[in-house]
Structures are given as structure tokens and as C-alpha cells.
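Hi,

Here is the structure for you to look over. My notes on its aromatic rings follow below.

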Amino acid sequence: MKSALTLIALSGLILCGSFVLRAQPLSLKITKRYLNLPVAQTQQRGSMQFRIQDKPERSFKIRLAADKPDYWVFCDVSALQGKTITISYDGQSEGLRKIYQDDKIAGQDSLYAETKRPQYHFSTRRGWINDPNGMIFYEGEYHLFYQHNPYEREWENMSWGHAVSKDMIHWEELPTALAPDSLGTMFSGSTVIDYANTAGFNQGNVPAMIALFTVDNPDKQIQCMAYSLDKGRTWTKYAKNPLIDSKAKWNSKDTRDPRVFWYKPGKHWVMVLNERDGHSIYSSKNLKEWTYESHVTGFWECPDLFELPIDGDTGKTKWVMYGASATYMIGTFDGKTFTPESGKHYYTSGSIYAAQTFANMPESDPRRIQIGWGRIPQPGMPFNNLMLLPTELQLRTTKNGPRLTSVPVKETEQLFTPVLQESSLSGAEATEKLKSVTQLDRFRLKTTLKLSHATSAGVSLFGQRILDYDLNSNLINGVFYSPENMTSMEITADIYVDRSSIEVFIDGGAYSYSLERKPTATNKEGLQFWGNRIDVKELKLYTAKSIWK
């Protein structure tokens with residue numbers, strides 16, 4: 001049942017012949033878990049503030065619906081149980097009358113069953129998401145933090161959303177981890193576990209989970225810290241923030257996205273921080289005081305830096321540095337300076353942006369696992385964008401030297417059930433086999449094509465060419481790709497289709513791409529192979545389970 005709110009009287013003012021409705025603050029005692037707030041995308045944004053005993057508790061911008069809402073968002077106020085809050089809003093006040101308390105969010109009954117809800121990719125219950133942040137494994141849980149606007153399906157109010165998983169596939173969304181404060185909004189960063197208590201936040205035998213992140217305000221971007229002693233459920237911001245303020249040094253506001261890790265040989269912390277035109281390296285003994293060491297130009301935003309064995313040989317390793325666009329360099333790292341040896345290269349393209357890898361993986365499972373932001377919208381929904389599938393990164397020897405590869409983690413296999421397996425078919429025969437498949441809402445398709453002419457061939461889905469291989473120009477969906485065997489007439493594709501997204505992994509992960517699903521409105525043909533006298537050497541089709549059921 002909805003809990004009724006008592007609104008303090010609204011007053012109407014006549015200014016310049018027009019009515020301007022101003023709302024006096026709304027006071028209510030919190031008795032439920034959620035406050036549900038109505039949103040209309042056509043409404044101008046206004047600023048809403050919660051106060052407790054005249055002290056600010058939170059503030060954010062919201063398009064509070066004055067009339068019929070497009071959708072509802074929510075505030076988790078479980079930590080405020082029994083307290084009286086005062087809500088003020090400087091926009092049109094009619095929407096205040098629609099706010100209500102409940103132990104369920106508005107739309108709970110249809111949650112994860114919405115028409116455009118990704119069914120095996122993570123998306124947030126409500127609001128906008130972008131960069132993955134602070135990805136870390138700790139005591140049996142994978143933590144995924146992410147850039148989040150809880151109050152609208154578009155970018156604003158940057159906060160750290162939070163979800164946890166036992167297998168990187170099935171996620172439980174938790175309350176917002178880091179919210180905007182007096183210093184600014186919460187931009188991207190990383191987390192570490194401070195086992196040695198270098199920062200002094202540990203409590204007995206409980207090591208602190210420490211987040212290092214950028215705070216953005218109109219003047220500059222600064223690097224700050226917070227810590228948690230309950231596995232990331234609640235956070236305390238460091239009283240002496242900021243840790244780094246480098247705007248003057250670089251004569252630029254663009255100083256953001258700290259990626260921090262422990263460098264065992266040097267027994268110190270390393271921070272990779274994007275500053276103006278590339279990635280800077282800082283070092284620290286205690287996570288609080290940082291020393292600038294070096295800089296690598298040519299990257300923009302969201303750095304990562306890690307060591308990988310070549311072909312699985314732990315005695316033969318290289319370091320990989322990359323930025324938000326997923327271009328990367330290969331080189332060496334001595335704890336203070338990254339020395340590039342080759343690059344920049346790419347191994348993936350398309351919708352992916354700002355990908356990060358999990359920290360603190362157990363010694364028994366040293367995989368380097370990445371999740372990227374999929375810039376794929378879900379129009380008309382109360383949520384927007386998704387996270388791409390978790391993939392394992394490896395360095396493999398190629399004719400051009402070591403290169404990154406990327407394939408979905410083995411944990412994804414639990415999602416797929418084979419329903420069709422064929423081999424040695426013509427393109428027409430393969431298409432005929434696929435006509436029996438009617439469930440194309442979400443699926444996986446593995447195939448190997450052999451071309452007979454150096455022309456284009458591939459796979460289409462309701463008229464959209466989800467695989468378009470131009471052998472003459474060496475292009476896959478418009479991006480240059482040359483197979484390891486440069487004279488090969490074959491291409492292998494592992495294709496993952498969800499309600500709004502498509503991910504394709506070529507030749508065992510040598511190259512991958514992702515794109516928005518855009519079926520041709522009038523096309524009813526479903527899955528089809530196309531091309532000049534192609535052979536379909538392998539065809540495997542799988543149905544896909546929902547991670548939300």
C-alpha cells in the first residue's frame with residue numbers, strides 16, 4: 001500500500017500576468033524503504049534537496065513530472081528510517097504531490113520484464129549508466145560499480161551505482177555507493193583492498209575496501225578517496241580530500257579516472273591517471289600522499305594498466321596500457337614508468353567504451369577479466385545503456401607480435417542451450433535451417449563461413465547486417481581486419497544477440513565488436529546468411545536464458 005504524504009500548503013503567486021506555482025518544503029517521516037518520484041522527459045530539470053534537522057542530506061537534479069509521468073525513479077531511504085526529512089524543489093511544484101513512500105519501487109511488478117530490458121546483460125533498475133568503476137573481487141563477490149544517474153534516463157547527477165555477483169552473470173543491484181557532495185559529482189575511479197593497512201583505515205582483521213575516484217565540479221577535477229569496512233555496502237569519505245589537485249600543473253580541467261593497484265616488486269601503490277593528453281603514473285606508500293612519476297601521451301580517459309603472460313607463459317610477460325577507446329600499447333613497466341614497445345593497437349570496437357578489469361582476483365584464478373560500457377540505448381524505457389559481457393583478455397603471439405584477444409568468460413556458458421547444429425551447408429541451406437527458429441528475442445549463433453569470391457558475405461538479422469565481411473577490402477562491418485592467415489577465405493564468428501545489443505567475436509577473439517540492434521521495420525526474414533556462393537562450414541544456434549529469472 002502507498003503511504004500517504006502530507007503536503008504542506010502550496011502557494012500560488014501571480015507574476016507579470018502569469019501563474020507561478022511555488023512549493024513550500026514538503027516534510028515527511030520516513031517509514032518505508034523507498035521514495036518514488038515521477039519523471040517527465042519534457043519537463044525542465046530542477047534541483048531537489050533533502051534536509052534533516054536543517055542539514056543537507058542529499059541534493060540532485062530531476063525532471064519532476066508536473067502532469068502524467070513518463071516513468072518513475074526512486075530514492076532508497078532505508079538508512080533514514082524514523083527520521084523526518086524536508087524536501088525542497090525549485091522547479092514546478094505539482095510533482096511533489098505525486099511523491100510517495102513504499103517498500104517497493106514503482107513498477108516493481110514488471111521489473112526486468114520491460115520490452116527492451118537486456119536479458120543477459122547488466123542494466124540498472126532505473127536511470128542512466130555509463131563507465132564501469134571500481135571492479136573488484138572480494139570474499140566470493142564480484143563488485144561492479146558504475147557511473148550512474150539514479151534520477152533520469154539521461155546523463156546527470158554522476159554517482160557510483162553498485163551491484164554484486166557470485167559469477168559475473170547474475171547481478172544484485174545495491175544502493176548507491178558514492179553520491180555527489182559539496183566538492184562535486186562522483187566521476188570514475190577504481191577500488192583496492194588495503195590488506196597491509198597502509199592507509200590506516202582497517203578495523204581489526206577487517207581490511208578496508210578503498211575507492212579512489214575523481215570528483216568533478218565546474219572549476220576542476222580532483223582525486224579523492226573513500227573507504228568501506230562492510231564489503232562496499234556503506235562508505236566513509238576521507239576527511240582530507242582531495243588527494244591530488246593537478247589542474248594548475250597541466251593547465252587543464254581534464255584530470256580524471258584514477259586506476260590504482262599494488263606494485264609488489266616496489267612495495268608501493270601505483271595510480272594511472274588521465275591528465276590532459278595521456279596517462280600519468282603516480283606512486284604512494286599510503287594511498288594518501290602521491291608522487292608524480294611519468295606520463296605517456298596519446299590516451300583519453302579511463303586508463304588501465306596490467307601485466308599479462310604471453311600465450312599463458314608466466315615466465316614471459318608484457319604490460320598493457322589502454323584508454324577509454326580500447327586502443328592499447330604493449331610495453332614494460334618498472335613501477336614508475338611505462339615504456340611502450342608497440343601500438344597503438346585495437347582488439348575491439350563499436351559500442352564499447354571505458355572498459356575496466358577486475359582487481360584482486362584470487363591466485364587460483366588469475367584471469368584478467370574486463371567489462372565495458374555498452375553505449376546502446378533503450379528508447380522509451382526508464383533505464384538507459386548496459387554493460388557488455390565480461391570477457392577474458394589474453395596476450396597471444398601473432399605474426400605481428402603479441403596482441404590482445406577477448407572472449408566471453410566461461411561463466412557465460414550456463415546461459416545457452418543448443419537447439420540447432422549443422423555443418424557443410426550452402427548459404428541458402430543454412431538460411432532454410434534457421435527458418436525453424438522462431439525465438440529471436442535473444443540467442444547465440446556460432447558459425448564458420450568460407451567465401452568462394454573475394455567479396456562480401458555474412459549474416460543478417462531482420463535486415464540488419466550483424467556480420468558483414470568484405471574480404472576484398474579486409475573490412476568487418478566497416479573496420480579493418482586481417483586474419484592471422486592472410487590468404488584465408490574463412491571467418492569464424494561467435495554472435496551474442498540480446499534484446500537491444502549484438503556482440504560478435506571473430507576468429508577466437510582476435511577481434512570483436514558490439515552494436516545496437518536495429519532491425520529493419522518491415523523485414524520479416526529473421527536470420528539469414530548472404531554472400532556469393534558461400535559455404536557454411538559450421539552452424540550452431542543456442543537459446544539464451546534470462547539472468548533476471
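This is a predicted model: local features need pLDDT of at least 70, side-chain atom pairs count only at pLDDT 80 or more; totals for chains, interfaces and linings use all residues.

Start with Arg 256, which lies over the face of Trp 300, 4.8 Å from the ring centre.

Now the ring pairs. The structure holds 33 aromatic pairs. One of them joins Tyr 120 and Phe 416. Their geometry is edge-to-face, with 5.5 Å centre to centre and 90° between the planes. This pair links distant parts of the chain, 296 residues apart. Tyr 120 sits in the loop between β9 (100-102) and β10 (127-138). Phe 416 belongs to strand β33 (residues 416-426).

The cut-off for buried is under 20%.

Another pair is Phe 145 with Trp 160. This one is tilted: the centres are 5.4 Å apart, with 40° between the planes. Phe 145 is in strand β11 (residues 141-149), and Trp 160 is in strand β12 (residues 159-165). They are 15 residues apart. Phe 145 counts as buried because its relative accessibility is 0%. Trp 160 is at 0% relative accessibility, so it counts as buried.

Last, a cluster. Which residues do ring pairs link into it? Tyr 120 and Phe 416 are in it, together with Tyr 496 and Phe 505.

Best wishes

Key:
Residues are numbered from 1 along each chain as its sequence is written. Side-chain values use heavy atoms; hydrogens and water are left out. Rings of Phe, Tyr and Trp (its six-membered ring) pair if their centres lie within 6.5 Å; planes under 30 degrees apart count as stacked, over 60 as edge-to-face and the rest as tilted. Helices (H or I, at least four residues) and strands (E, at least two) are DSSP runs, numbered from the N terminus. Buried means under 20% relative accessible area, exposed over 50%, partly exposed in between (1.4 Å probe, protein chains only). A charge sits over a ring if NZ of Lys or CZ of Arg is within 6 Å of the ring centre and within 35 degrees of the ring normal.
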